[in-house]
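Colleague: Could you take a close look at a single part of this model, the cavity and its lining, and then connect it to the surrounding elements?

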Amino acid sequence: MSEITKPTIRVGSRKSQLALIQSKHVLELLTQRYEDKNFHLETMTTIGDEVLDRALSQIGEKSLFTRELEVALEHNKVDLVVHSLKDMPTSLPIGMVIGAILEREDPRDAVIMSPKFFECTLATLPTGSVVGTSSLRRAAQLKRHFPHLVIQDIRGNLNTRLRKLDEEGTYAALILATAGVKRMNWESRISEHLNTDVSMYAIGQGALGIECRQDDMATRQLLAPFSHAETLLCCVAERAFLRTLEGGCSAPVAVESRFLDDVLYLKGGVWSLDGKRSITQSLDVKLADIDDVPPAQSYTAVVSSHLNNSRLALAEWLGVSLAGKIVALGGGIILDEAKKETEQRNLVAANVRPSK
């Protein structure tokens, strides 16, 4: 088949270097598997890329890094979109689904030290050292474990944040997702990994999700072989947990999950913004193939034709049940207070921000 007669599949991506690395990786996988098709990359900018003078929690949008891409999907300008799964809301726009979740990279958080503190760890940094992160989740956990440090918001793409760390002298360290650092080929800059007893990770962190239109069965079939079963089940449970708690960018929520010998394990937690109060709990479920479980349209917006419906349903049940367990222990109160405090901070920031 000539290049001219091959059908073209349009792949949407953000323009940042990391997003392009991730999208080109997916493009390569698709090209290798489907030699009878052309794959073309379409790039665009999202509101999360454009608004860099405010913390993510201050922007007030649930789809900071996905909305513009989803509009392109809805208007048939692209056929699929590659996302960092942690950026994807647990409820997608009507008519959109996650058609594949690729195998997860290391989901832990990583510490990147300023060159002048390269011999330090977070624990040994001088009192008052400033650590940069754009995440309320990380900030709350760091404040709890490292009260001698000052946790400060930092925005910008990974290149911008690294430049601020190395050149401006404000920050002693940054906290970033290990997966993104590795994909940028910056692994040599990692000073330490934060294990989950210090910093549980974000929902979906380390995984790539590919979004498509729900009624586009051809694209869904195209994507299905790329889903990694273990990662998908873990992420369905994590997303169900977050969706039930209604967390997101405005409150600290974190997880740890694993799948071993057909047992899916999920640990989840919620924190106050200052990290002083928290509730963490865990739960597991034995997955089994039960043929008479009716299919749902999706499981936290995730679809899979390769997994038994009972496994997907049980993964979703695990996340919902763990969230209910945490709410029953007072987690809902902690989250509500965190959201209100975030809203108050946002109002103050909006009042002091100069008008443009």
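Modeller: The lining of the largest cavity is made up of Arg-14, Ala-19, Gln-22, Val-82, His-83, Ser-84 and Asp-87. A cavity here is a set of points on a 1 Å grid over the protein atoms alone where a 1.4 Å probe fits but cannot get out, and lining residues have an atom within 4 Å of a point. This is a predicted model, in which local features need pLDDT of at least 70 and side-chain atom pairs count only at pLDDT 80 or more, while totals for chains, interfaces and linings use all residues. Residues are numbered from 1 along each chain as its sequence is written, and side-chain values use heavy atoms, with hydrogens and water left out.

The elements giving two or more residues to this lining are α1 (17–33) and β3 (80–84); helices (H or I, at least four residues) and strands (E, at least two) are DSSP runs, numbered from the N terminus. The greatest share comes from β3, with three residues. The largest cavity has a volume of about 40 Å³, and the structure holds one cavity of 30 Å³ or more. Such a volume is the space filled by probe spheres set on the points, with grid points joined across faces, edges and corners.

Strand β3 also belongs to an open sheet of five strands, ordered β2-β1-β3-β10-β4 with mixed pairing; two strands pair if DSSP finds at least two bridges between them. At the edges stand β2 (38–44) and β4 (96–101), each of which pairs on one side only. On average, neighbouring strands of this sheet are turned by 30° against each other, direction ignored, with axes taken as lines fitted to C-alpha atoms and angles running from 0 to 180 degrees between N-to-C directions. Five bridges join β4 to β10 (residues 208–213) in the antiparallel sense, and Ile-101 stands opposite Gly-209 in β10.

Elsewhere in the chain, Ala-224 lies in the loop between α8 (217–223) and α9. Ala-224 counts as buried because its relative accessibility is 10%, buried meaning under 20% relative accessible area with a 1.4 Å probe and protein chains only. Helix α9 is mostly covered, with 13 of its 17 residues buried. Just after α9, Glu-246 takes a positive phi of about 55°.

Technical notes: Buried < 20%, exposed > 50% of the residue type's maximum accessible area, 1.4 Å probe, protein only. 1 Å grid on protein atoms, 1.4 Å probe; cavity = no way out; pocket = protein on both sides within 12 Å on 5 of 7 lines; lining within 4 Å.
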